[in-house]
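The sequence and structure are shown first.

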Amino acid sequence: MFARTTPWPLVALFTAGYLAPYLLPTTVGRLDSGLPLTATQAGAVGSALLLSSATAGFLLASRVERVGARGLARLGLALAVLGYGTAALTGSVPAVVAGAVVGGFGSGTATTVAATRIAAERDPHRASTLGLLSVSALAAAVYLTVPHLGSGHGLPLAAIALTALAVWPLTGRLPGPTRDVTAGHDRAPAPHRRSGLVLAAAMVCWSLAQNSLWGVSGRIGLEQAGLGETALGAVLAAALGAGLVGVLAAGALGARLGRAVPVGAGTVLIAGCIALTASATGPASFTAGEIAWNALYPVVLSYLIGLAASLDPRGRWAVLVGSASSLGTAAGPLTGSVLSAQAGFGGMGLVLGAGLLLVAAPMTAVAVHTGGRPLLPGAVRRRGGHAAAVVAAQTGTPSGAVPEVGAHEQPVVEIAVEAPAVPDQDAYGTAGPRQPGAL
């Protein structure tokens, strides 16, 4: 089904890095029920985990090439195993918090490496779609399995640690440090600066809205929709299963509609799904809202990841936008708890939906304004894009060294020549490759 060139090590690394946010509802819920923590305190632990993950992205965004993807990936996976494993095996609250923070930094490091390398792929949208497909399937399996294994706080944390351990052997196929990158190229600013900053700022709010609902979805299902823990786990697993369908649809759709329509229209639909889920007062409406929301969320996210990757082939905007998204994700559980306490679950849904409608406009504008790099190496668009892509593809020139041609490109001027110069035939040899020693 997939080509042999599918970057499976990157897909696996992406899965290991993204699994912690996907398991946040059950992680926070079990910290609340299994440890002497209030719901707000448990949400704060989840926020600390995700904030640590975002910090890793901001610190390492420009260092992957120099340090090496292989070494950083192994460091991140090791920290994830150590941090989450420690938090899963201990009942001490300080140790659990410290382990969650260390593990979060490891997850962020793995995600940074994966995002950087995916941005350098020929089709970053396809690679990110496969990553979302993998993490959605694994998270759904965890949601179905964990309720039958016990009620301890450590089970979801142990699942994240074991995933990081399983991905470790695949890091041997990642590249080491890049020695031939010049100092000037290494310090070159990321292209499309304005578009990247707008997208990063919008992603903070976009992810904040998503994770505010995701962080309290368990409470909505238990307290307002009247579900039991087993039924709630089944609903969340079904919702993630719908996410698998959504990711497959995004992969099949590809670039047929561009990026602006999926990002803009998808965000508007997500706003409606969030309002529906938050106001649900029965199992049917809650299940419908969760399934619809989770089917749309990964679709839009895959296009946003692809959009960020297209802004810079070296992956810096992909990492920085991802880290900005992690900041919003980190603040989600606490924001959801505060909004639901002040305005109720229904009021929280209306506020989050209105916020998504506001950020849909700038994200769509970035998608419309920025065409991104060509889909295939050597393809040069008629206007804009990487005008020197053919040269870079043929000579091995670092992609980031290729000058950008943006909205201020110079028009091509045709110069008329009265009579072509006749070359001296003896000054030229035959076409084709020259043999060694040939003049």
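## Aromatic pairs

Rings of Phe, Tyr and Trp (its six-membered ring) pair if their centres lie within 6.5 Å; planes under 30 degrees apart are stacked, over 60 edge-to-face, the rest tilted. By this rule there are five aromatic pairs. In one of them, the ring centres of Tyr143 and Trp214 are 6.3 Å apart and the planes stand at 80°, so the pair is edge-to-face. Because Tyr143 lies in helix H7 (residues 124-145) and Trp214 in helix H10 (residues 193-224), the pair ties together parts 71 residues apart in sequence. Helices are DSSP runs (H or I, at least four residues), numbered from the N terminus.

Both Tyr143 and Trp214 are buried (under 20% relative accessible area; exposed is over 50%, partly exposed in between; 1.4 Å probe, protein chains only). One aromatic cluster is formed by Tyr143, Trp206, Trp214, Trp293 and Tyr297.

The model is predicted: local features need pLDDT of at least 70, side-chain atom pairs count only at pLDDT 80 or more, and totals for chains, interfaces and linings use all residues. Residues are numbered from 1 along each chain as its sequence is written, and side-chain values use heavy atoms, without hydrogens and water.

## Leu301

Leu301 sits in helix H13 (residues 283-310) and, at 4% relative accessibility, counts as buried. Beyond its neighbours within four places in sequence, Leu301 is in contact with Leu132, Met203 and Trp206 (heavy atoms within 4.5 Å). Pro262 is 39 residues from Leu301 in sequence, with 9.5 Å between their C-alpha atoms.

## Phe58

Phe58 belongs to helix H3 (residues 39-60). Its relative accessibility is 38%, so Phe58 counts as partly exposed.

Terms used:
Helix = DSSP H or I, 4+ residues; strand = E, 2+ residues; numbered from the N terminus.
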